[in-house]
Amino acid sequence: MDFGFTEEQNRFRQEVRAFLEGEMKNGYWKPACDAWVQGFDPEFSKRVAQRGWIGLTWPKEYGGQGRSHLDRLILTEEMLRYGAPAACHWFGDRQVGGAILSFGSEELKREFLPRIVKGEAYFGLGMSEPGTGSDLASLQTRAAEDGDYYVINGQKTWTSCASFAEYFDVYVRTDPEAPRHRGISEFIVDAKAPGVSRISMIDITGTEAWNDVFFDNVRVHKRYLVGEKNRGFYQVLHQLDYERSGMERLMGNYPLFEAIVEFARENKLSRDPIIRNKLAQIQIEFEVGRLLIYRVAWVMEEGRAPNWESSMSKAYCTEFEKRLAGVAMEVLGPYGQLMSGSKFAPLRGMASHSYLGSKGYSLQAGTTEILKNILATRRLGLPAS
Amino acid sequence: MKFTLTEEQEMLRKTARDFLAEKCSKKLVKQMEESEAGYSRELWQEMAELGWMGLAFPGTYGGGDMSFLDLALLLEEMGRACLPGPFLSTVVLGGLSILDIGSEEQKQEYLPKLIRGEKIFTLALTEPGYHNYDISSAAVEAIRDDASYVISGTKLFVPDAHVADYLLCVARTKPKTGITIFLTDARSPRIKYTVLKTLAGDKLCEVVFDRAPASKTGILGRPNQGPSAVQKMMQRGAVGKCCEMVGATQRVLEMTVDYAKERKQFDRPIGSFQVIQHYCADMSTDVDSARFSTYQAAWMLSEGLPCTKEVAVAKAWVGQACQRIFALAHQIHGAIGVTIEHDLHYYTRRAKAAELAFGDTDFHREVVAREMGL
């Protein structure tokens with residue numbers, strides 16, 4: 001047991017902070033909630049890439065730095081602390097690159113990993129469909145073989161960052177006759193390919209959060225099959241472990257946390273024992289969530305896939321984020337409802353935005369209920385329901 | 001960052017678990033709750049022979065040269081076994097305080113006896129009428145009497161005082177600010193004990209000092225400088241209790257999951273129902289988070305790092321986690337879990353007592369608020 005960081009790790013954290021503070025000083029961007037998934041800034045992603053901070057844990061031969069998962073957690077923790085606009089590269093860095101690294105052919109690795117690392121290839125995910133949410137194995141989008149190509153038809157939905165995505169990591173049915181878990185394959189699809197179209201979807205906050213992505217006779221060369229044909233379901237489970245693992249589940253609305261504590265201090269609200277109590281409780285829950293996430297990074301560092309561990313941290317942390325937004329609204333009283341841009345809106349409207357936006361945190365990447373099923377069966381060994 | 005134990009620590013844990021599984025049955029726990037002393041002298045001596053009392057003390061006093069974190073693992077196992085007795089009082093509240101602030105003479109005088117299991121210690125800190133561990137309002141007084149002192153007043157909720165050989169008594173030596181810690185002979189005829197009947201069946205006492213003598217050489221640390229030392233004692237006590245609760249909740253999670261797998265209703269194990277699965281999942285998240293926040297605080301104490309916030313986070317969180325864990329454990333066990341024949345109540349009752357000791361959740365939440373600059 002050791003809850004400290006090495007000198008090197010502390011130095012790295014300082015380096016990341018100095019970079020982000022310099023960025024803000026130059027006025028490149030302002031801290032925002034949800035910036036990891038809604039802050040699109042290709043120039044920022046390129047500057048991050050220049051530092052070698054995309055694909056930090058990947059092998060050097062593909063352009064990575066071969067550094068530890070704890071280093072990557074330190075990096076992402078600071079990005080989130082500062083509310084930096086990292087959405088362009090986030091998905092490729094967090095999970096698609098890892099999927100290609102784990103399952104992809106040498107050719108795919110050579111084609112994509114160095115470009116992700118340079119901040120030149122942005123990804124969207126093609127998992128959910130209109131009729132397919134938690135029951136991912138029920139997906140209907142299909143791919144039929146045609147010589148050296150697959151022809152994809154169907155619809156994906158809830159694809160974050162899709163407007164900026166240059167590629168989609170898509171799961172499709174390649175064997176309709178096989179048992180449903182065994183007929184799914186993973187492809188990388190060029191977003192500019194003929195037959196791919198997107199329609200933006202506006203979320204409860206009024207922000208474009210996702211796209212519907214349509215595939216109409218989209219021809220994809222066989223070399224863009226990731227891993228083995230019909231093994232896609234097992235690959236997506238692996239990828240989801242990584243999707244759920246990170247600090248963004250705890251710190252998606254961190255700028256609000258800092259701002260509401262500061263607001264309470266400055267306006268002497270913190271003399272009110274009820275407000276002290278609520279904010280301290282949020283701090284306690286935050287510290288606990290942070291430990292659960294560092295545990296996940298530790299599991300990865302030991303070379304294991306963070307399976308139920310990331311289910312635990314993600315389920316816990318997204319519920320925390322909702323409580324944080326709820327407490328911020330309670331502290332602000334009627335001012336809490338004011339949206340960004342309104343007269344009198346406190347904290348740049350972050351509280352109302354987070355209050356609404358956080359409702360979706362416990363749905364994306366595995367609902368809290370699915371995550372608890374995973375904990376119950378895979379960790380505790382309870383019988384399938 | 002490292003979330004695993006060393007091989008030595010794993011071994012310590014296993015030895016402790018096996019030993020306590022054999023020696024500390026629930027039958028013994030029940031007997032001890034009903035007994036006057038509250039612990040088994042025989043088991044106490046065996047623990048001393050295993051080196052448990054001395055684990056975290058330097059070899060110069062006969063100790064094992066291990067760390068507070070190692071001791072934390074041992075306390076966790078004691079919580080798992082519901083071990084009754086004055087171990088935390090003697091070692092964590094008494095011994096480690098002497099090691100921390102005692103003079104060399106005091107250490108040489110008291111620590112070897114403690115480590116050999118010959119003497120029992122405890123801390124007389126809290127008093128009637130105040131519950132917030134606000135030591136500045138202490139009313140028990142130590143008054144100069146020629147070259148020594150006499151202590152008068154009442155301490156309340158003092159653990160294991162009735163069997164203690166020595167008391168660390170926190171007393172006022174100056175109006176308003178002066179608080180001093182005295183190491184006194186607990187056997188003085190001028191000190192009277194009443195064991196309180198508590199929900200956990202532990203031995204919390206009322207201790208009445210009636211001009212009890214305390215010598216100048218018995219002062220622990222510097223005169224009138226008690227509060228900062230008391231804060232450290234509180235921190236170690238709080239983390240020690242967290243460790244016990246972590247051990248208890250881990251065991252209760254295992255019992256509950258086992259029961260959910262075995263117990264059948266509607267022709268299937270109740271653990272196959274999603275609602276029960278989610279209860280168990282929630283329990284496991286609370287157990288893990290309680291463990292990590294506790295280990296973090298224990299590690300920081302071990303390393304001598306400032307950890308006011310981390311200790312408060314741990315104690316506040318573990319208390320809350322316990323409430324949820326025990327509510328769910330009872331719900332899943334159904335009516336059998338609220339009978340006196342079932343083992344669950346030993347854990348339920350002890351966890352509640354631990355939650356109240358060394359500051360409850362509200363108390364520690366306020367500490368966190370201060371640490372946040374609120």
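Me: Where is the place of L88(B)?

Reply: L88(B) lies in helix α5 (residues 87-101) of chain B, where a helix is a DSSP run of H or I at least four residues long, a strand is a run of E of at least two, and both are numbered from the N terminus. This is a predicted model, in which local features need pLDDT of at least 70 and side-chain atom pairs count only at pLDDT 80 or more, whereas totals for chains, interfaces and linings use all residues. Residues are numbered from 1 along each chain as its sequence is written, while chains are lettered from A and ligands numbered from 1 in the order in which they are written.

Me: Why is L88(B) called buried?

Reply: A residue is buried if 20 or more other C-beta atoms, placed from the backbone, lie within 10 Å of its own, exposed if 12 or fewer do, and partly exposed in between. L88(B) has 26 other C-beta atoms within 10 Å, so the word buried applies.

Me: Which residues does L88(B) touch, not counting those up to four places away in sequence?

Reply: L88(B) touches L75(B), L93(B) and G240(B), a contact being a pair of C-beta atoms, placed from the backbone, within 7 Å. For L75(B), the C-alpha atoms are 7.9 Å apart in space, although 13 residues separate it from L88(B) in sequence.

Me: What makes E262(A) count as exposed?

Reply: E262(A), found in helix α9 (residues 254-266) of chain A, has 12 C-beta neighbours inside 10 Å, and it therefore counts as exposed.

Me: Why are α7(B) and α10(B) called roughly antiparallel?

Reply: Helix α7 (residues 226-262) and helix α10 (residues 344-356), both of chain B, pack at an angle of about 155° with their axes 10 Å apart. That angle makes α7(B) roughly antiparallel to α10(B), since angles over 145 degrees are named so, while those under 35 count as roughly parallel, 65 to 115 as roughly perpendicular and the rest as oblique. The axes are lines fitted to C-alpha atoms over the stretch in contact, and the angles run from 0 to 180 degrees between N-to-C directions.

Me: Which residues make that contact, and how do they divide by class?

Reply: On α7(B) they are K241(B), E244(B), M245(B), A248(B), R251(B), V252(B) and M255(B), and on α10(B) they are L344(B), Y347(B), R350(B), A351(B) and A354(B). By class there are eight nonpolar, no polar and four charged residues, where Ala, Val, Leu, Ile, Met, Phe, Trp, Tyr, Cys and Pro count as nonpolar, Asp, Glu, Lys and Arg as charged, and the others, Gly among them, as polar.

Me: What are the domains of chain A, and how far apart are the centres of domain 1 and domain 2?

Reply: The assignment, automatic or from a database, gives domain 1 (7-121), domain 2 (124-230) and domain 3 (244-379). Taken over C-alpha atoms, the centres of domain 1 and domain 2 of chain A are 25 Å apart, and their contact takes 16 residues from domain 1 and 14 residues from domain 2. On the domain 1 side, the largest share, seven residues, comes from α5(A), and by class that side has twelve nonpolar, three polar and one charged residues.

Me: How many residues of chain B are in contact with chain A, and which helix gives the largest share?

Reply: 37 residues of chain B are in contact with 35 residues of chain A. α7, α8 (274-303), α9 (308-333) and α11 (361-371) of chain B each supply at least two residues of the chain B side, and the largest share, 15 residues, comes from α8(B). By class, this side of chain B has 21 nonpolar, eleven polar and five charged residues.

Note on methods
Contact = placed C-beta atoms within 7 Å.
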